[in-house]
Amino acid sequence: MTTTWTNRYEGAVMNTFGTPARLLVRGEGAYVWDDAGTRYLDLLAGIAVNALGHGHPAIVEAVTRQLTTLGHTSNFFATEPQIALAEKLVGLVGQDARVFFANSGAEANEAAFKITRRTGRTRIVVAEGSFHGRTMGALALTSKEAYRAPFEPLPGDVTWVPYGDAAALEAAVDDTVAAVLLEPIQGEAGVVVPPEGYLQAARDLTTRHGALLWIDEVQTGMGRTGDWFAYSASGIVPDLMTLAKGLGGGIPIGACLAVGAAGSLLQPGNHGTTFGGNAVATAAGLAVIATIEREDLLGHVTRVGDQLRRGLADHPQVTDVTGRGLLVGIVLREPVAAPAQKAALAAGLILNNATPDRLRLAPPLILSEDQAADAVTGIRAVLDEVSA
Ligand SMILES: *Cc1c(COP(=O)(O)O)cnc(C)c1O
């Protein structure tokens, strides 16, 4: 018997993800190839990570130049790209703010969680359907019971409210609340958009009660929705914002930004990280931002996102197409998201079945109009195939 990659994977890698669907060997732009030479249009981009697609020359050049100049230093020392990326992110927020760099979304949220504890209050109000990561702190703020139950007790004093319900939020927030934590669009829940005015209501309530408004932009941030940050469409400014996924374009990096006085809640000794803010990762982040600016990708994201929505909305299996920009939820009439994801893969399209009746697309921000047209044709054919 020949040893396959699945045998080797199962023999050596912990079974936390199930067996992966394919062994991928190469990527270029919006495409990846598996070990059999089959090409896939990548409409998931490593779960909203590969903002510039695969192998973008700007990231390759920035990472190569930085690694051959100065790689890792530890946070006993500062590096130029680290300072420059922090300045750049603060500039994009457009407020007096400070940055803590981490290596992932969960870690960015851990930093924010620790900041909330420095307010002297402990209660966090968080939404049902939320996903904030898998570390013990982030998990305490993640709603899925199946993820949380095996690991209890988790950090406590968490109050759950239905997402998008301003009245429920109002009933839950009082002067004992340290922070309200929300995704501006819930990604893992299947791209769920809250009603108009919800984030403004959260902003008003937290301001009134002296609580922090903590917005998790790990999935929605860095241009994915056609704005640098999804919250800005609501005209609000949060006190805490977390980033990761698209920030490094595939190089692991996370960031927690704290606006105004919240930026001084963590004091020396309160928090730390060995890798966070690493020169190579921050150089990648600078390259991602510079490329989005140079190529006007924010406008492109809005146009191509609209093209995908228009192309999919009238399929008989589709009841709604949610999200903004290139974060797209396809709401299905029947619970056929899992078979649709499998059929799509067989047809050379990578997408995600976020829930039994919701598909999620989070393609690279560089997806071209022609590639979007191929995606629409391919997804419509897949939905035909899985519809009764
Ligand atoms: C993916 C995600 C996280 C967790 O990020 P990791 O890098 O996997 O730790 C946190 N919040 C949101 C909204 C996410 O989509």
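Here are some friendly notes on the structure above, point by point.

1. A word on the model before the details. This is a predicted model, in which local features need pLDDT of at least 70, side-chain atom pairs count only at pLDDT 80 or more, and totals for chains, interfaces and linings use all residues. Residues are numbered from 1 along each chain as its sequence is written, and side-chain values use heavy atoms, with hydrogens and water left out.

2. Let's start with the domains. The assignment for the protein chain gives domain 1 (3-55 + 296-387) and domain 2 (59-294); such bounds come from an automatic or database domain assignment. The contact between them takes 28 residues from domain 1 and 31 residues from domain 2, where contact means heavy atoms within 4.5 Å. The C-alpha centres of the two domains lie 25 Å apart.

3. Next, the area of that interface. Domain 1 and domain 2 bury about 2,300 Å² between them, with 61% of it on carbon and sulfur atoms; buried area is the accessible area (1.4 Å probe) that two parts lose on being put together, summed over both. On the side of domain 1, L298, R324 and L327 lose the most area to domain 2, together 29% of what that side buries.

4. Across the interface of domain 1 and domain 2 the rule finds 1 salt bridge, defined as a side-chain nitrogen of Lys or Arg within 4 Å of a carboxyl oxygen of Asp or Glu. The side chains of R360 and E188 meet in a salt bridge at 2.7 Å, N to O. Helix 11 supplies the largest share of the side of domain 1 that touches domain 2, with 4 residues.

5. Spanning residues 297-313, helix 11 has 17 residues and reaches 24 Å from its first C-alpha to its last, close to the 24 Å expected at 1.5 Å a residue; the expected span is 1.5 Å times one less than the number of residues. Helices (H or I, at least four residues) and strands (E, at least two) are DSSP runs, numbered from the N terminus. Among the buried residues of helix 11 are L298, V301, V304 and L308. The buried residues of this helix pack against partners including helix 10 (279-294), strand 11 (318-324) and helix 13 (369-386).

6. Two buried loop residues come next. T225 sits in the loop between strand 8 (212-216) and strand 9 (240-243), and counts as buried because its relative accessibility is 4%; buried means under 20% relative accessible area, exposed over 50%, and partly exposed in between (1.4 Å probe, protein chains only). Leaving aside neighbours within four places in sequence, T225 is in contact with I185, T220, A230, V301, R324 and G325. A30, in the loop between strand 1 (24-28) and strand 2 (31-34), is buried at 1% relative accessibility. Beyond its neighbours within four places in sequence, A30 touches residues including Y40, D42, P364 and Q371.

7. Finally, some backbone details to check by eye. A cis peptide bond joins E152 and P153, with omega about 5°, and P153 lies in the loop between helix 7 (145-148) and strand 6 (158-161). I47, which is not a glycine, has a positive phi of about 60°; I47 lies in helix 2 and is partly exposed at 35% relative accessibility. K245 also has a positive phi, near 25°, and is partly exposed, with a relative accessible area of 21%.
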